[in-house]
Amino acid sequence: MKPEPAPEQRSALVRGLLYGFAVLCLVLGLIGVVVPGMPTTVFILMAAWAAARSSPRLHAWLLNHRLFGPLLHNWANGRTVSRRAKWSATVTMAVCAVIVSFTAHRAWLAMLAIACMAVVLAWLWSRPLPLPPAADPPPP
């Protein structure tokens, strides 16, 4: 497999498009933090992917972010998802499923939306948990 070129080796147009995509995904992910039903994780993962290819500064900011950093590190280190993130997604999707079931104009639309959420949750819960941090050895 051919190695990825460094961000500075890409053309300015490609870097600009990737950077714009990273910022768009970051904004959508931030909206997802406060709007129920709007995904956060997928947008942050896409933002990190695009930032790694266009802006080392934005990528470093994401990796060091208080909320997003642990998620990105877990994903990079074995495609793991924390139990807290799994439960947060489960509760949020359950609330959305209730809202959709009462507000959908067609029953089949509600069932389709809930089925999609169920598939995503099944996939999410199939992801392994991150390993606990290694305990420091006892002092000699």
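Trainee: Which helix is Val27 in?
Mentor: Val27 sits in helix α1, residues 12-34. Helices (H or I, at least four residues) and strands (E, at least two) are DSSP runs, numbered from the N terminus. This is a predicted model: local features need pLDDT of at least 70, side-chain atom pairs count only at pLDDT 80 or more, and totals for chains, interfaces and linings use all residues. Residues are numbered from 1 along each chain as its sequence is written, and side-chain values use heavy atoms, with hydrogens and water left out.
Trainee: Val27, how does it count by relative accessibility?
Mentor: Val27 counts as partly exposed because its relative accessibility is 41%. Buried means under 20% relative accessible area, exposed over 50%, partly exposed in between (1.4 Å probe, protein chains only).
Trainee: And Thr90, where is that?
Mentor: Thr90 is in helix α5, residues 83-103. Its relative accessibility is 18%, so Thr90 counts as buried.
Trainee: What does Thr90 touch?
Mentor: Leu121 and Trp125, leaving aside residues up to four places away in sequence. Contact means heavy atoms within 4.5 Å.
Trainee: Now the whole chain. How many helices and strands?
Mentor: The protein chain has 6 helices and 0 strands, in the order α-α-α-α-α-α along the sequence.
Trainee: What share of the residues is buried?
Mentor: 26% of the 140 residues in the protein chain count as buried.
Trainee: And the contacts along the sequence?
Mentor: Among contacts in the protein chain with a separation of 6 or more, 62% are between residues 24 or more positions apart.
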